[in-house]
Amino acid sequence: MERPSAPNRRTLLQGAAAAALATTLPAAAPAVAAPTRPTGPVGSRLTLPSGIQTGDVTSSSAVLWSRASGVGRLHAVLHPLDADGERITGRGRGRGRGPITLRGSWASADTDLTARISAKGLPAGTAFETEIFFEDENGRRGEIGRGSFRTAPGRRSDGAQTFVWTADTAGQGYGINPDVGGMFGYETMRSLAPDFFLHAGDTIYADGPIAETLEEPDGAIWRNVVTEEVSKVAETLQEFRGRHAYNLLDENVRAMYAEVPVIATWDDHETTNNWWPGEILEDERYTVRDVDTLAARGRRAWQEYQPIADPRAMGRGSGFEPARIYRRIERGPDLDVFVLDMRTAKGENTAGREQQATSIFGEEQLQWLLEGLRTSTATWKVILADLPLGVIVPDGEGQESISNAEDGAPLGRELELARLLSGIKHQGTRNIVFLTGDVHYCAAHHYSPERAAFTDFDPFWEFVAGPINAGSFGPNALDGTFGPEVDFQKAGPPMGSPRDGTGQFFGRVEVAPQGEEFTVELIDASGDVQYTRTLTPQR
């Protein structure tokens with residue numbers, strides 16, 4: 001499979017001055033570019049201020065998402081395409097039968113005017129053009145957003161597919177800067193035409209205010225589009241919602257989400273930095289100091305803005321019900337994606353040297369993951385983790401990470417990881433790859449018992465990518481408990497700007513036909529490949 005070429009950096013910047021916005025916008029301002037391809041005059045009809053998305057796409061299902069400008073009901077038309085990219089005409093829902101018409105939920109103030117449609121029974125390995133729109137209470141059709149997606153390969157196909165992953169969007173005060181073409185790393189990813197996109201967390205920075213200007217480390221001035229909701233730390237539900245809506249003002253993000261299905265998890269910044277359940281903040285910027293309250297609001301806003309398939313993730317409650325974020329996405333005979341939630345059950349950030357196990361996954365998620373890996377028949381099992389496994393990430397005198405900065409036998413959170421890795425070995429699960437972000441640099445780590453203090457596990461790889469539009473950091477030291485070795489790492493300067501893309505990173509994976517190869521590339525936001533590693537499956 002030939003990799004499409006990334007856009008030239010100069011192309012990304014062309015027209016930026018003409019598209020530049022005033023640095024301050026009202027909360028309901030239009031996006032950096034016009035909303036997703038309206039089909040004609042809209043007038044007072046409903047519009048799509050946050051574009052459209054597809055998500056959690058499997059070989060037979062997809063979730064369609066959008067947000068309306070007012071109360072309305074979500075509708076979608078899926079047009080299957082033939083091998084030449086032409087629409088298939090006819091009637092019905094099966095392969096070769098023509099368009100599929102779907103009706104979803106009502107968008108109202110209860111969901112910040114977001115709505116979803118769950119499309120099921122789709123043919124495998126099929127490309128679709130999508131038309132997504134809202135009808136108002138009088139049945140008037142609003143603006144139509146056009147996009148596309150492809151269902152995962154079926155068992156009769158060759159199984160080849162590609163995807164990209166990254167983390168860390170709009171962090172450290174680096175928001176949408178029209179002078180540099182907005183969040184152009186998303187356009188670089190989109191230009192590679194991946195089959196889907198994994199966001200490894202920190203999808204927003206609810207704890208990081210975005211100001212009109214920010215001085216970069218070299219003295220240059222970064223200029224942001226701002227809205228009222230991003231001007232302070234998020235505390236109210238509406239402020240958390242406004243963070244997600246802000247990112248969708250960027251035309252690069254919206255163009256990619258219209259064409260590339262997303263599978264996302266959350267990490268800490270969807271709520272506040274390095275949080276754990278039960279924490280009481282001492283940060284004077286907050287009037288709400290109870291983290292459980294903030295996390296429930298942050299989780300609800302995150303769920304409202306993500307195209308999530310699992311119905312348990314779309315319900316309401318305290319915000320801490322199990323199985324609402326972690327989930328398994330089947331991607332055909334050669335790939336399963338296991339999405340982890342390493343935040344909801346996370347214990348306090350201590351030094352991590354307790355003799356007894358402290359929580360990072362939680363027992364229910366740990367058992368779910370082991371059972372899912374055991375029963376998976378896919379050649380490759382990708383685990384999307386919002387925290388790296390062996391990277392040391394201090395939090396004051398404690399540790400934000402699983403690691404405890406001590407190379408000996410597992411302690412604290414490391415004991416849960418040891419149970420996971422040992423369980424994987426003893427149940428005979430092979431071809432597991434961890435993908436993650438969080439630490440704002442890119443890296444390839446190989447873990448092996450021959451270098452480790454804990455040895456009851458099989459060797460595996462972990463690949464790290466990010467940020468995509470945030471400050472750069474790292475690289476961090478590794479904890480030797482599970483025997484990690486750096487095969488590659490690259491970081492930008494401390495708090496480095498996304499301006500030229502060289503300190504911003506994402507990963508690209510190509511799964512070869514029948515899963516015979518799993519090729520990983522680490523790429524900067526300008527499109528330059530920094531590292532390549534090809535894995536072959538154990539049979």
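How many aromatic pairs does the structure hold? The structure holds 20 aromatic pairs. The model is predicted: local features need pLDDT of at least 70, side-chain atom pairs count only at pLDDT 80 or more, and totals for chains, interfaces and linings use all residues. Residues are numbered from 1 along each chain as its sequence is written, and side-chain values use heavy atoms, leaving out hydrogens and water.

**View 1. Trp 266 and Trp 275 meet edge-to-face.** Their ring centres lie 5.7 Å apart and their planes stand at 70 degrees, so the pair is edge-to-face. Rings of Phe, Tyr and Trp (its six-membered ring) pair if their centres lie within 6.5 Å; planes under 30 degrees apart count as stacked, over 60 as edge-to-face and the rest as tilted. Both Trp 266 and Trp 275 are buried. Buried means under 20% relative accessible area, exposed over 50%, and partly exposed in between (1.4 Å probe, protein chains only).

**View 2. Tyr 326 and Trp 368 form a tilted pair.** The ring centres are 4.8 Å apart and the planes are at 50 degrees, so this pair is tilted. The pair links distant parts of the chain, 42 residues apart. Tyr 326 sits in the loop between helix H6 (291-305) and strand E13 (327-330), and Trp 368 in helix H7 (residues 363-375). Helices (H or I, at least four residues) and strands (E, at least two) are DSSP runs, numbered from the N terminus. Tyr 326 is buried, with a relative accessible area of 7%. Trp 368 is partly exposed, at 24%.

**View 3. Six rings gather in one aromatic cluster.** The members are Phe 434, Tyr 447, Phe 454, Phe 457, Phe 460 and Phe 482.

**View 4. The largest cavity holds about 150 Å³.** Two cavities of 30 Å³ or more turn up in a search of the whole structure. On a 1 Å grid over the protein atoms alone, a cavity is a set of points where a 1.4 Å probe fits but cannot get out; lining residues have an atom within 4 Å of a point. Grid points are joined across faces, edges and corners, and a volume is the space filled by probe spheres set on the points. The largest cavity has 15 lining residues. Thr 203, His 244, Asn 247, Tyr 257 and Gln 306 lie nearest its centre. Helix H4 (237-247), helix H5 (251-259) and strand E12 (262-264) each give two or more residues to this lining.

**View 5. The second largest cavity has about 30 Å³ of space.** Its lining consists of Ala 170, Ile 204, Tyr 205, Ile 210, Val 230, Arg 243, Tyr 246 and Asn 247.

**View 6. Strand E2 (residues 62-67) is mostly covered.** Six of its six residues are buried. In a regular strand the side chains alternate between the two faces of the sheet. Ala 62, Leu 64 and Ser 66 are buried on one side of E2, and Val 63, Trp 65 and Arg 67 on the other.

**View 7. E2 runs antiparallel to strand E1 (residues 52-55) and to strand E5 (residues 114-119).** Two strands pair if DSSP finds at least two bridges between them. Four bridges join E1 to E2, and Gln 53 stands opposite Trp 65. E1 and E2 form a hairpin with six residues between them. In the turn, Asp 56 has a positive phi of about 45 degrees. Six bridges join E2 to E5, where Ala 62 stands opposite Ala 119.

How values were computed: On a 1 Å grid over the protein atoms alone, a cavity is a set of points where a 1.4 Å probe fits but cannot get out, and a pocket is an open set with protein on both sides within 12 Å along at least five of seven lines; lining residues have an atom within 4 Å of a point.
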